[in-house]
Amino acid sequence: MKPAGGTPESYVEKVRDDTRRYVQALLEENGKLRVLTASLESENRFLNEQVATLQKDVESHWLERERLQKSLAEIEEENRRFSEQYVGVEQQNTDLASLYVASYRLHATLDRGEALTIVQDIICNLIGSEEIAIFEADESGSGLSLVACLGVEPGPFRSVPLGRGVIGRCARAGEIYLAGRDDNAGLRPEEKDLSACIPLHFDGRLLGVVA
């Protein structure tokens with residue numbers, strides 16, 4: 001069977017030409033695909049680099065955020081300390097003002113009862129004790145007499161011989177007693193809540209005791 005409109009040679013030549021054109025088209029298409037593949041690979045590398053950069057930026061931002069949060073916590077803690085110090089300074093100023101007023105009143109009065117009341121106010125407001133006993137040394141120097149008290153049952157303390165209990169021992173030795181710091185040996189039952197005992201001297205002579 002012969003091809004229509006031509007010789008077998010022309011038909012073979014035509015098939016060859018068509019095959020060459022098809023192969024050439026395939027080669028050209030393959031070349032375009034290679035270029036496109038290279039472009040896509042290049043773009044993919046660029047995108048990967050961008051992603052890596054963004055990941056580093058995100059990590060950097062998180063680290064910076066953590067650093068800022070830590071700094072903020074430190075600033076807040078420092079601010080809290082400053083606030084507490086400020087409150088403490090304000091309280092000290094208030095106490096000093098109260099002490100100044102009380103000292104002025106104490107130096108200005110000649111009344112024994114008022115002087116004792118002022119001493120109790122100083123101890124109550126500045127030291128914070130609401131249980132106070134003030135003793136006066138008797139003329140013989142052998143004991144103490146209760147002259148003023150606040151929040152204390154006066155009965156057991158009306159007369160305290162020197163050397164008896166912590167109060168009498170402090171008066172005789174002329175030494176301050178502080179609960180929790182000094183030995184509680186010799187503490188009498190009525191002295192169980194005693195927090196401090198301070199002997200009062202003038203020119204080497206015992207005047208009394210504040211407990």
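A: Start with Glu13, which is partly exposed at 35% relative accessibility. The model is predicted. Glu13 pairs with Arg20 in a salt bridge, and their closest N and O atoms are 3.7 Å apart. That falls within the 4 Å cut-off for a salt bridge. Arg20 is partly exposed too, with a relative accessibility of 47%.

Next comes Asp18. Its side chain meets that of Lys14 in a salt bridge, 3.1 Å from N to O. Both residues sit in helix H1 (residues 8–108). They are four residues apart, so about one helical turn separates Asp18 from Lys14. Asp18 has a relative accessible area of 30%. That value lies between 20% and 50%, so the residue counts as partly exposed.

Further along helix H1 are Glu77 and Arg80. Three residues, about one turn of the helix, lie between their positions. Their salt bridge has its closest N and O atoms 2.4 Å apart. Glu77 is partly exposed, at 33% relative accessible area. Arg80 is also partly exposed, at 37%.

For a contrast in setting, take Gln120 in helix H2 (residues 112–127). Gln120 has a relative accessible area of 12%; this is under 20%, so Gln120 is buried. Beyond its neighbours within four places in sequence, Gln120 contacts Ile132, Ile134, Ala148, Cys149 and Leu150.

Technical notes:
Residues numbered from 1 in each chain as written. Predicted model: local features only at pLDDT ≥ 70, side-chain atom pairs only at ≥ 80, totals over all residues. Heavy atoms only, no water. Helix = DSSP H or I, 4+ residues; strand = E, 2+ residues; numbered from the N terminus. Buried < 20%, exposed > 50% of the residue type's maximum accessible area, 1.4 Å probe, protein only. Contact = heavy atoms within 4.5 Å.
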